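Please open the model in a viewer and keep the sequence at hand.

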Amino acid sequence: MLIVDVQHPDDLNRKIRVGVLGSCRARDLLVNMYKSEEATQAMGNSVPCEIVTYNFGIFTHTPRQAIQYYNFLKNRTDFMEEIQPLIFWKKLEDAQGQLKRYTAELLDSIELLVVEASTLNNFTCDGMEVNASYVEQQFIKVGGKPLLNWWRAVTTEDGEISQDIVNETISALPSKGIPDNENVRFILNNLRKRVETKEEFYDALTDLTKMTDKPLVVVPHFDLADAPIEKRHPLRSYIKEFSSDLGYGIFDSTDLIGQHGREVALAGEGSSICHYSHSFHHVLLNNFRPFLHDFYEQQRSSDSVSHSQDAQLKKAS
């Protein structure tokens with residue numbers, strides 16, 4: 001998790017401690033991790049956020065992944081060793097030094113959470129949420145062709161895959177760097193793609209808001225005004241629709257990209273539909289910073305009114 005202190009645009013002594021759960025699409029709104037000439041030249045008078053820690057930064061793309069990651073940091077949930085790299089990129093025994101930074105006191109000091117929700121595709125193994133990119137790098141690439149055939153079947157199906165494919169994959173174990181053991185067989189038998197319905201996504205966002213009493217900002221995947229990405233539209237519409245009921249804020253960079261032009265805003269001189277250009281991070285920060293402070297103050301004012309009304313009701317009774 002990235003934890004940063006975000007200074008107010010008009011008073012750098014006013015800060016909000018923000019926890020970020022997501023990938024580069026959420027992280028790069030606050031921190032420019034790219035040490036390129038392009039990024040440096042574009043910085044201008046932009047004031048970077050103060051990084052509190054980014055020791056154990058894994059990428060999450062869905063509310064369910066964010067919930068699992070946050071609960072892990074709070075409670076140190078146990079996961080089988082073989083699935084750890086599919087969730088955290090590495091085995092947890094290799095991350096103990098990084099994890100020491102995330103104390104209960106530090107996590108409790110977070111005042112606002114920013115969570116990316118960029119896909120309805122979930123990859124779940126008996127209730128454990130995995131990162132598809134990590135699966136490809138740490139499981140499929142390590143295991144070779146037998147694992148590749150299984151993964152193709154998993155990613156192209158919405159539900160169950162053929163048990164024959166699972167059995168063929170298991171019979172090919174051990175395969176390169178993947179051993180033949182009970183846990184690997186369990187993963188092959190149970191890891192499946194799950195496309196969330198509207199109702200399931202609402203439940204996930206509801207659980208996310210209940211996970212903590214801190215204000216929440218959801219970051220959807222951006223769209224392109226000049227070339228709409230239709231497969232992103234259902235998710236984006238759900239996020240907007242549910243916000244009034246669940247009370248989270250939304251920061252959508254679509255309009256900013258349109259104002260500056262995709263050639264300026266997106267990587268590859270506008271060819272990327274997933275990543276920002278290095279120089280655009282400062283534009284994002286300078287727009288996201290006031291948004292966060294305004295939303296945080298609104299939430300605090302709303303809470304104060306609510307507490308005052310509760311006190312008056314108790315007094316009257």
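In what order do the six strands of the open sheet lie? In this predicted model, the order is S3-S1-S2-S4-S8-S9, and the pairing is mixed. Select next the two edges of the sheet, strand S3 (50-53) and strand S9 (249-250): each has a single partner strand, so one side of each is left without a neighbour in the sheet.

Proceed to strand S1 (residues 2-8) and strand S2 (residues 11-21), which are joined by seven bridges in the antiparallel sense. Within this pair, display Gln7, which stands opposite Lys15 of S2.

Now centre the view on Leu191. Beyond its neighbours within four places in sequence, Leu191 is in contact with residues including Leu86, Phe123, Val130, Val135, Trp150 and Trp151.

Finally, select helix H7 (residues 132-143) together with helix H8 (residues 145-156). Their axes come within 7 Å and cross at roughly 145°. On the H7 side the contact involves Ala132, Val135, Glu136, Phe139, Ile140 and Gly143, while H8 supplies Lys145, Pro146, Leu147, Leu148, Trp150 and Trp151. Sorted by class, this contact of H7 with H8 has nine nonpolar, one polar and two charged residues.

Key: Residues are numbered from 1 along each chain as its sequence is written. This is a predicted model: local features need pLDDT of at least 70, side-chain atom pairs count only at pLDDT 80 or more; totals for chains, interfaces and linings use all residues. Side-chain values use heavy atoms; hydrogens and water are left out. Two strands pair if DSSP finds at least two bridges between them. Helices (H or I, at least four residues) and strands (E, at least two) are DSSP runs, numbered from the N terminus. Contact means heavy atoms within 4.5 Å. Axes are lines fitted to C-alpha atoms, for helices over the stretch in contact, and angles run from 0 to 180 degrees between N-to-C directions. Ala, Val, Leu, Ile, Met, Phe, Trp, Tyr, Cys and Pro count as nonpolar, Asp, Glu, Lys and Arg as charged, and the others, Gly among them, as polar.
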